[in-house]
Amino acid sequence: MWRCALPPLLRYPTVDELGVRAAALVSRRPSDARLRRVGTSRAGTPMWLLSVGHGSRQALVVAGPHANEPVGGATVLRLAERALADPRFTEGADATWNLLLSLDPDGLRRNEGWLPGPYGLGRYFRNFFRPGFLEQPEWLPDGAAAAALPETRTLLDLQDELRPFLQCSLHGVDVGGGFVELTHDLPGLAGRVAHTAARLGIPRELGPYDTLYWPSLGPAVHRIPPPRIGDLAAAITEAAVESTWFHPYRHGTVTAVVEAPMWGVAAVEDGSPPADAAGVLRAVSHTLRHDARLLEVLLARLRPHLAGMPDAARLLAPVDDYLLVCPGLADAWDPDVADGARPLPPLSTAHLVALRIAGRRLALRTAGLLHQLVTRAGRDPAGVLPDLDRLIDDWCADYRDGMGARWIPVPRQVEYQSRVVLAAFELALRHAPACSRSGESGWGSQAAVPMHRE
């Protein structure tokens with residue numbers, strides 16, 4: 001049996017490292033693996049698809065749809081190694097694995113300040129970047145036909161070319177636990193997730209805040225409802241918009257969104273009834289409003305000086321998104337404000353912990369982006385940096401000391417995510433018909449390894 005000669009990844013790979021390692025895999029098995037350029041990002045970065053196997057059934061795995069969630073890049077490399085080493089996942093399944101190394105390579109480059117480690121909450125949030133909602137390539141707020149981002153068009157074209165029986169979108173929860181979101185039910189997946197999480201010491205997030213109103217298919221597995229028309233705030237917080245998750249639905253594709261945590265919080269899998277749900281909701285809502293007001297004051301002090309600051313528009317777009325949704329979320333969670341139009345479902349302790357984490361996440365991401373805005377400019381004309389440093393330190397301490405957030409080593413994150421993908425693959429395969437499509441135009445057994453640094 002073939003053994004991968006590449007050293008194991010102990011940290012998150014950069015954009016360039018993904019290309020180098022994928023090319024190395026292909027050079028060792030050129031008859032079984034291919035690497036082709038399928039698109040180009042807005043900044044001109046090549047987008048690479050690594051394909052393993054010759055089967056007629058196509059599986060598509062998408063890494064890096066969110067720029068600050070790098071675990072997926074390491075996971076697709078791990079999946080390629082598994083598929084090359086074990087013919088059950090290729091010849092035995094009549095399957096081809098198509099692994100997109102990064103859907104947002106430009107955004108991933110912007111996170112390279114923290115990718116190599118050491119991994120600490122303060123370092124992560126001070127170097128955090130994720131583009132504004134309208135610049136995130138998985139979303140189709142104006143429909144597929146109007147999709148303008150080249151990264152989005154690349155993914156849509158791949159979906160229509162491959163017509164995969166399974167699509168896995170690889171995400172990373174910064175603080176919390178692992179969970180899966182599905183467009184179709186895969187009976188048995190919840191049990192497989194539970195077994196894998198227990199073996200690897202990964203907490204399962206039983207009630208993520210963006211799935212509060214979604215059907216449950218089992219512990220830590222949720223059904224993604226069809227997209228609906230709604231406002232931008234709902235789209236940002238609940239994925240309530242047409243997306244690349246649902247675009248291949250017409251082909252019979254099952255899409256699985258696989259979330260793996262960076263810092264785990266044990267309480268996110270506490271399904272017990274809370275002693276005082278209303279009191280916790282009041283505290284979470286009031287804290288979110290208070291934190292948002294602090295950040296709005298700091299942003300107002302900073303705005304008159306933005307003209308001379310580099311990359312201000314790109315960094316402020318997500319800031320505006322986060323500050324947009326804070327008031328609505330605080331009101332929706334506050335038992336003294338909710339108007340009854342959309343009451344909260346019954347909440348477990350896990351749900352309340354997830355809401356507390358989510359509110360703190362919005363504040364920390366906003367503070368981290370403002371911190372970058374100032375540090376990249378090399379000057380602090382509004383004198384906001386000391387306040388931002390204090391807030392980031394205090395809020396990270398709340399994650400660490402107040403919620404028990406603990407770092408999960410990268411290899412364990414990758415092993416968890418890859419095992420969940422393989423479980424989804426095996427379960428979805430039971431309902432996948434064979435077809436004659438190769439998944440590549442002009443496909444053959446010859447090697448196809450373009451230079452990744454062109």
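Me: Which residues have the most contacts inside the largest nonpolar core?
Reply: Those are Trp-97, Trp-333 and Phe-425, in a core of 123 residues. Keep in mind that this is a predicted model.

Me: And which helix gives the most to this core?
Reply: H10 does, with 13 residues.

Me: Let's zoom in on Trp-97. What is Trp-97 in contact with, leaving aside its neighbours within four places in sequence?
Reply: With those neighbours set aside, its partners include Leu-50, Ser-51, Val-52, Ala-59 and Val-61. Leu-79, Ala-83, Phe-89 and Thr-90 also touch Trp-97, as do Val-421, Leu-422 and Phe-425.

Me: What does Leu-79 contact beyond its neighbours within four places in sequence?
Reply: Its contacts there are Val-61, Trp-97, Leu-99, Ser-418, Val-421 and Leu-422.

Me: And how far apart are Leu-79 and Val-52?
Reply: They are 27 residues apart in sequence, and their C-alpha atoms are 9.5 Å apart in space.

Me: OK, helix packing. At what angle do H10 and H11 cross?
Reply: Roughly 150°, with the axes of H10 (residues 349–377) and H11 (residues 385–402) coming within 10 Å. That angle is over 145 degrees, so H10 is roughly antiparallel to H11. The crossing of H10 and H11 is left-handed.

Me: Which residues make that contact?
Reply: On the H10 side they include Arg-356, Arg-360, Leu-364 and His-371, and on the H11 side they include Leu-388, Asp-389, Trp-395 and Tyr-399. By type, the contact of H10 with H11 has 12 nonpolar, four polar and five charged residues.

Me: What about H8 with H10, parallel or antiparallel?
Reply: The axes of H8 (residues 277–302) and H10 cross at roughly 10° and come within 9 Å. H8 and H10 are therefore roughly parallel to each other. Val-284, Leu-288, Asp-291 and Leu-295 are among the H8 residues in this contact, while H10 brings Leu-355, Gly-359, Thr-366 and Leu-373, among others.

Me: And how do the residues of the contact of H8 with H10 divide?
Reply: Into 16 nonpolar, three polar and three charged.

Me: One more pair: how do H6 and H12 pack?
Reply: H6 (residues 189–200) and H12 (residues 410–429) pack at an angle of about 160°, with their axes 10 Å apart. H6 and H12 are therefore roughly antiparallel to each other, and H6 passes H12 in a right-handed crossing.

Me: Which residues are involved there?
Reply: From H6, they include Arg-192, Val-193, Thr-196 and Arg-199; from H12, they include Arg-412, Glu-415, Tyr-416 and Arg-419. Nine residues of the H6 and H12 contact are nonpolar, one is polar and six are charged.

Terms used
Residues numbered from 1 in each chain as written. Predicted model: local features only at pLDDT ≥ 70, side-chain atom pairs only at ≥ 80, totals over all residues. Heavy atoms only, no water. Axes fitted to C-alpha atoms, helices over the stretch in contact; angles between N-to-C directions. Helix = DSSP H or I, 4+ residues; strand = E, 2+ residues; numbered from the N terminus. Parallel < 35°, antiparallel > 145°, perpendicular 65-115°, else oblique. Left-handed = near helix turned anticlockwise from the far one by under 90°. Contact = heavy atoms within 4.5 Å. Nonpolar A, V, L, I, M, F, W, Y, C, P; charged D, E, K, R; others polar. Core = buried A, V, L, I, M, F, W, Y, C linked by side-chain atoms within 4.5 Å. Buried < 20%, exposed > 50% of the residue type's maximum accessible area, 1.4 Å probe, protein only.
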